[in-house]
Amino acid sequence: MEKKKVTVPLVCHGHSRPVVDLFYSPITPDGFFLISASKDSSPMLRNGETGDWIGTFEGHKGAIWSSCLDTKALLAASASADFSAKLWDALTGDELHSFEHKHIVRACAFSDDTHFLLTGGVEKILRIFDLNRLDAQPRQVDNSPGSIRTVAWLHSDQMILSSCTETNGVRLWDLRSGKIVQTLETKSPVTSSEVSQDGRYITTADGSTVKFWDANHFGLVKSYVMPCNVESASLEPKHGNKFIAGGEDMWVHVFDFHTGEELGCNKGHHGPVHCVRFSPGGGSFASGSEDGTIRIWQTSPVTHDESDLLGSEPSGKVKAVADEVARKIESGLHIGGEGKTGDTDKATDA
């Protein structure tokens with residue numbers, strides 16, 4: 001059997017408590033960006049390629065359970081245990097609006113057209129806020145069978161999906177009727193859900209299983225049993241030929257999408273892995289852990305055969321642009337302490 005290659009990640013320090021959610025922006029003219037949610041109440045924005053710290057969004061008073069960026073990475077949103085979801089200017093770090101809820105908010109997601117923000121949480125209510133009318137009352141989609149854990153948009157913002165903290169399965173809601181039209185059945189509560197970049201698949205993690213569903217007909221395409229209970233999974237976006245999963249064993253596993261064979265195992269975290277996500281070009285992926293760090297791993301070592309894959313990611317020119325953006329906005333964003341840059345594994349924990 002071919003010897004598995006060992007990769008050394010970029011380690012991003014700065015959070016003082018566990019990292020529970022990661023989100024990559026699409027590739028923009030200024031590169032792509034990574035936002036992280038942590039129980040320390042301060043979402044952080046980073047250069048998605050290098051891990052360099054850009055800024056910290058300050059204003060929440062409770063743990064952040066979810067954070068996201070819009071398609072142009074100009075807006076950010078966060079969902080918090082302080083009973084609010086906040087909208088941020090991603091360039092200046094300014095808070096644009098706070099959407100008040102009546103209980104903990106666990107999940108948030110921008111619509112593809114960036115006109116709406118979807119939230120869900122302990123109230124068992126999906127709310128859709130109109131970002132063109134910030135003070136308007138949100139549309140509410142009720143009757144979720146439990147406390148909402150994850151949310152996502154699909155089908156050109158005509159449908160939304162949600163999973164619950166203590167209830168099995170994923171529910172698909174038709175926004176025209178406001179009703180559940182399909183349930184993706186699982187044996188355990190779904191802790192992670194992701195719609196693939198091309199819109200073909202829904203990736204879910206439940207218990208020790210990762211499943212892939214047809215996003216158009218909602219049939220089960222693949223189901224694989226993992227080495228341990230996993231909390232998050234993500235499908236490689238460019239070729240769709242591999243996926244990653246992370247969970248309680250503290251490792252980030254890489255698998256073949258077609259066969260389920262384990263291709264690699266990335267070790268380095270010192271606590272359970274709560275979230276994993278592929279970068280938009282597929283050349284790297286990030287993991288967030290109970291240990292408070294984010295680690296950015298290269299999908300594979302650069303070889304002549306695979307250089308085209310990694311070449312899809314922005315290169316040094318983008319880094320220079322992103323660094324310039326960071327310098328310009330640093331005075332507007334609140335500095336969040338140590339760990340401004342991605343560093344190698346030998347770095348000291350913050």
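This is a predicted model: local features need pLDDT of at least 70, side-chain atom pairs count only at pLDDT 80 or more; totals for chains, interfaces and linings use all residues.

Begin with strands β8 and β9. β8 covers residues 84-89 and β9 covers residues 95-100, and the two pair in the antiparallel sense over five bridges. To find the pairing on screen, look for Ser84, which stands opposite Glu100 in β9. Together β8 and β9 make a hairpin, with five residues between them. In that turn, Gly93 has a positive phi of about 85 degrees.

Next is an open sheet of four strands. The order is β10-β11-β12-β13, with antiparallel pairing. Which strands are at the edges? They are β10, residues 105-110, and β13, residues 139-141; each of these pairs on one side only. From one strand to the next, the twist averages 20 degrees.

A word on annotation. For residues 266-298, the end C-alpha atoms are 10 Å apart, and the span is 55% strand and 0% helix.

Now the rings. How many aromatic pairs does a search of the whole structure find? The count is nine. Take Phe212 and Phe243: their ring centres are 5.0 Å apart and their planes are at 70 degrees, so this pair is edge-to-face. Phe212 sits in strand β19, residues 209-214, and Phe243 in strand β22, residues 242-247, so the pair links distant parts of the chain, 31 residues apart. Phe212 and Phe243 are both buried.

Phe243 also pairs with Tyr224. These two rings have centres 5.8 Å apart and planes at 10 degrees, so they count as stacked. Because Tyr224 is in strand β20, residues 220-225, and Phe243 is in β22, the pair ties together parts 19 residues apart in sequence. Tyr224 is buried, as is Phe243. Ring pairs link Tyr201, Phe212, Tyr224, Phe243, Phe255 and Phe257 into a cluster.

Last, the charges over rings. Lys222 lies over the face of Phe257, one of the cluster residues, at 5.9 Å from the ring centre. Elsewhere, Arg106 lies over the face of Trp65, and the distance to the ring centre is 4.0 Å.

That is the end of the tour.

Methods
Residues are numbered from 1 along each chain as its sequence is written. Side-chain values use heavy atoms; hydrogens and water are left out. Two strands pair if DSSP finds at least two bridges between them. Axes are lines fitted to C-alpha atoms, for helices over the stretch in contact, and angles run from 0 to 180 degrees between N-to-C directions. Rings of Phe, Tyr and Trp (its six-membered ring) pair if their centres lie within 6.5 Å; planes under 30 degrees apart count as stacked, over 60 as edge-to-face and the rest as tilted. Buried means under 20% relative accessible area, exposed over 50%, partly exposed in between (1.4 Å probe, protein chains only). A charge sits over a ring if NZ of Lys or CZ of Arg is within 6 Å of the ring centre and within 35 degrees of the ring normal.
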